[in-house]
Amino acid sequence: GTKDEEDLEQKEFQIQSSSRPELYGWGESLKIVLIDRAGWFPMLVNFVTAFGITSLETLVTPLTSDQYGWGTEENSYLFCGLCGVGVLAVISTVILDKRPWMSLRGIIVISSISTLFAIGVGIVFCGQTKVPLVGLLTFGGFFAYGLVMQASPSLSIYSYLIGEFEKGVFMSYSQTSIGIARIAGPLIGGTMLDWGSYYYVFSFLGFVCALPPLLLPFVWKKMYVPKGVKG
């Protein structure tokens, strides 16, 4: 059954964790954490989160200015609303994490559903020449909710997978990927907005944000973190 498989995976992880980390070189440590334990997956989730948020920030202001003639005041209200959605996502994460039937990987699944729904709305309703305001607000709300919701669980899983190895070093790798995403998001989003159309921007966002849910089934068992265990 599923519980037995999870218990087996946990025992195997404990066996791995009993090894002395000082016996491994830099390359071997990377292999164990990122490949054997699939630490690359939460790193990918963190990358997608940062990429999506910065792309959204780059996209929204020129879109609202072009479509609705909004200025600083109107956009301030919009971003304030998106911040409120982010707070709601954090509260939802905390509440779900306290439920005995919910796991961290389950929260990532829920967040992915919200994000992919937002991308669908973006492509269908916001990828046209005229963007309806209700479509933009629906996209922005579900997109921000999903991205913020997946950030904390992925970091917790990554910290747990690091195990006995140096957390500061491996967290720096994750932060480096987030930094790259924060540069790539505005750069790619702005370029596509100038040379393409809203449709291409939302389609590319959809491709990037679809990577975690598409790849999660391949690492599902390795993303298991027992309740009450801290990274």
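This is a predicted model: local features need pLDDT of at least 70, side-chain atom pairs count only at pLDDT 80 or more; totals for chains, interfaces and linings use all residues.

Modeller: Residues are numbered from 1 along each chain as its sequence is written, and side-chain values use heavy atoms, with hydrogens and water left out.

Biologist: What makes up the secondary structure of the chain?

Modeller: The chain has eight helices and zero strands, and its elements run α-α-α-α-α-α-α-α from the N terminus on. Helices here are DSSP runs of H or I with at least four residues, strands are runs of E with at least two, and both are numbered from the N terminus.

Biologist: Why is Pro 42 called buried?

Modeller: Buried means under 20% relative accessible area, exposed means over 50%, and partly exposed lies in between, with a 1.4 Å probe and protein chains only. Pro 42 has 1% relative accessibility and therefore counts as buried. This residue lies in helix H3. Across the 231 residues of the chain, 44% count as buried.

Biologist: Which residues is Pro 42 in contact with, leaving aside its neighbours within four places in sequence?

Modeller: Contact means heavy atoms within 4.5 Å. With those neighbours set aside, Pro 42 touches Ser 154, Ile 157, Tyr 158, Leu 161 and Met 223. Pro 42 and Pro 153 are 111 residues apart in sequence, yet their C-alpha atoms are 8.6 Å apart in space. For the chain, among contacts between residues at least 6 apart in sequence, 81% join residues at least 24 apart.

Biologist: Why is Phe 204 called partly exposed?

Modeller: Its relative accessibility is 29%, so Phe 204 counts as partly exposed. Phe 204 lies in helix H8. Beyond its neighbours within four places in sequence, Phe 204 is in contact with Phe 51, Ile 188 and Met 192.

Biologist: How do you know that the buried residues of H2 are on the same side of the helix?

Modeller: In H2, residues 26-36, the buried residues are Ser 29, Leu 30, Ile 32, Val 33 and Leu 34. They cover an arc of only 165° around the axis, so they lie on the same side of H2. The arc is that of the directions from the helix axis to the C-beta atoms. An α-helix has 3.6 residues a turn, so residues three or four places apart point the same way. The buried residues of H2 pack against helix H3 (40-68), helix H6 (133-162) and helix H7 (167-195).

Biologist: What makes the phi of Ala 38 worth a remark?

Modeller: Its phi is near 60°, a positive value in a residue other than glycine. Most residues other than glycine have a negative phi. Ala 38 is found in the loop between H2 and H3, and with a relative accessible area of 1% this residue is buried.

Biologist: Why are H5 and H8 called roughly antiparallel?

Modeller: The axes of H5 (residues 104-125) and H8 (residues 198-215) come within 9 Å and cross at roughly 160°. Axes are lines fitted to C-alpha atoms, for helices over the stretch in contact, and angles run from 0 to 180 degrees between N-to-C directions. Angles under 35 degrees count as roughly parallel, over 145 as roughly antiparallel, 65 to 115 as roughly perpendicular and the rest as oblique. H5 and H8 are therefore roughly antiparallel to each other.

Biologist: What is the hand of the crossing of H5 and H8?

Modeller: H5 passes H8 in a left-handed crossing. A crossing is left-handed if the near helix is turned anticlockwise from the far one by less than a right angle, and right-handed if clockwise. The residues of this contact divide into nine nonpolar, five polar and no charged. Nonpolar covers Ala, Val, Leu, Ile, Met, Phe, Trp, Tyr, Cys and Pro, charged covers Asp, Glu, Lys and Arg, and the others, Gly among them, are polar.

Biologist: What hand has the crossing of H3 and H4?

Modeller: The crossing of H3 and H4 is right-handed. The axes of H3 and H4 (residues 72-97) come within 11 Å and cross at roughly 145°. By class, their contact has five nonpolar, three polar and one charged residues.
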